[in-house]
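Please look over the sequence and the structure below before reading on.

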Amino acid sequence: MKRARLHKRCKMYGLSVLFMLTLLLGSGVSVNAASSITNQTVKTSITASGTRALKIQWNRISGASGYTIYRRESLRKPFKIYRKVISGSTTSYLDRSLPVAKTYQYAVRAYRRENGKYVFSKYTAVLGATRPDGTSSTIKAASSSQINIAWKAVSRADGYRIYRKANNGNWSLAADVGSSKTFYTDKKVSAGTKYVYTVRPYKKAGNVKYLGTLKQSNTVTTPKSSSSNSKFSSSQKEVMKKILYAVETGGQVYGNQDYSDFTEAFTNSKTEYAITIGAGQWYATEAQRLLKLIHTTSPKTYKKYDSKNEVWNDVVNADWSKYRLEKKDKKDKNKIQIIINLISSPAGIKCQDYLMYKQIEEYEAEVRNLGVKDAKAVGECINIRHQGGYGAVTRILGKTRGEYTLDNIYKAMSTDTGGQVGTYKTRQQKVYTWLKTYMK
């Protein structure tokens, strides 16, 4: 009796399970592991990157028959199927024969055929990039406190990471610069220390920077620190002053200058938003500095020409980065004449010469810290600095082949097309000749 009842119960239980399966299948719901595939997410990651290949990896989805890989080169473009059939047991793929320094986005979806139709999982996409080629770097020169590094530009690089190693120690990050840079001055070095550098181009994808191959530069030992920043003699400073005055207001005649010069905004360049005054072409806040110096050193002269403080009020209160006066404006004419009288007075001439000597000393210290030692070469760099700014100096030095001599720097300038330095060829030729002739 007991065996008969047990057999009857098992039979009824089996019928119940069969009935439930029939209902589920009839409703289009799968009862195996694949029933959740549309609710699962494939998470993709970049696990390796080379110059020509990217390896992607993803998590396994239970019940998947296989995986479809999608790829796109731009976030503005739709995904395209890159590989249709990847085995359900596979969780990685190596994408080969790719261009160097190229960004890609990948996504992977698991799939399975259910009730005569393919169903797919959810996905999360990932950005990756092939690595750029490496680049060779050279230490161009060194002082006790600065080292200059130059390197060759790399196609499609988004920037460069500069690493230094001191006295055979560990690599440390020195700087991270943009893709337009091919020259860097490291100002965080110590005197009497041996250094080696590497510049590694990178391609950025998301928050990851994919670095190019590490290639070491030449090594250099910084000299012991020097207590003197300025090496020019008084006669060399005088030569440099005459050169700068000549090219600025002296009609490119050595020894000539115009202490009374007044130039309106935008006359020399579209980017010069303020007035320029004096023999050395003191621009914007430099002009303000000159007028303050005259006021401080010779109050009587200032009172004589600006008795009502018309200009002085502007010197104290105006924004001299954009300070403008126009000769055709009746209200401005009087102020212009006051400025001309002040700067061309004996006190004004004395102040202009003082500022020029100070500027030469400041620029000389900058240039020598960049590794330029020869007096004629230093003079050429001061000319570049006065005309185009510090960035122009580093740009030209980055193009200079061999030692920093006057001839080598001049050759580099001849190929330059940046800003005023590359534009005014006649000026550069004159300065070159004068330095050869007068700088001893």
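## A charged residue to begin with

Is arginine 427 buried or exposed? At 7% relative accessibility, arginine 427 counts as buried. Buried means under 20% relative accessible area, exposed means over 50%, and partly exposed lies in between, with a 1.4 Å probe and protein chains only.

## How the model is read

This is a predicted model: local features need pLDDT of at least 70, side-chain atom pairs count only at pLDDT 80 or more, and totals for chains, interfaces and linings use all residues. Residues are numbered from 1 along each chain as its sequence is written, and side-chain values use heavy atoms, with hydrogens and water left out.

## Salt bridges

A salt bridge is a side-chain nitrogen of Lys or Arg within 4 Å of a carboxyl oxygen of Asp or Glu. The count comes to 16 salt bridges. Arginine 427 takes part in one with glutamate 248, at 3.5 Å from N to O. Glutamate 248 sits in helix α2 and arginine 427 in helix α12 (residues 425–438), so this pair ties together parts 179 residues apart in sequence. Helices (H or I, at least four residues) and strands (E, at least two) are DSSP runs, numbered from the N terminus. Salt bridges with shared partners also join Arg161, Asp176 and Lys209 into one network.

Helix α2 (residues 234–248) also holds glutamate 238 and lysine 241. These two form a salt bridge, with their closest N and O atoms 3.4 Å apart. They are three residues apart, so about one helical turn separates them. Glutamate 238 is partly exposed at 25% relative accessibility. Lysine 241 is buried, at 7%.

Lysine 102 and glutamate 73 meet in a salt bridge of 3.7 Å, N to O. Lysine 102 lies in the loop between β5 (92–95) and β6 (103–114), and glutamate 73 in the loop between β3 (66–72) and β4 (80–87), so the pair ties together parts 29 residues apart in sequence. Lysine 102 is partly exposed, at 25%. Glutamate 73 is also partly exposed, at 43%.

## A glutamate without a salt bridge

Glutamate 272 lies in the loop between β18 (262–263) and β19 (276–277). What is its nearest side chain of opposite charge? The answer is arginine 427, 9.1 Å away. Lys and Arg count as positive, Asp and Glu as negative; His and the chain ends are not counted. Glutamate 272 is buried yet has no salt bridge.

Leaving aside neighbours within four places in sequence, glutamate 272 is in contact (heavy atoms within 4.5 Å) with Ala265, Phe266, Tyr283 and Gln420.
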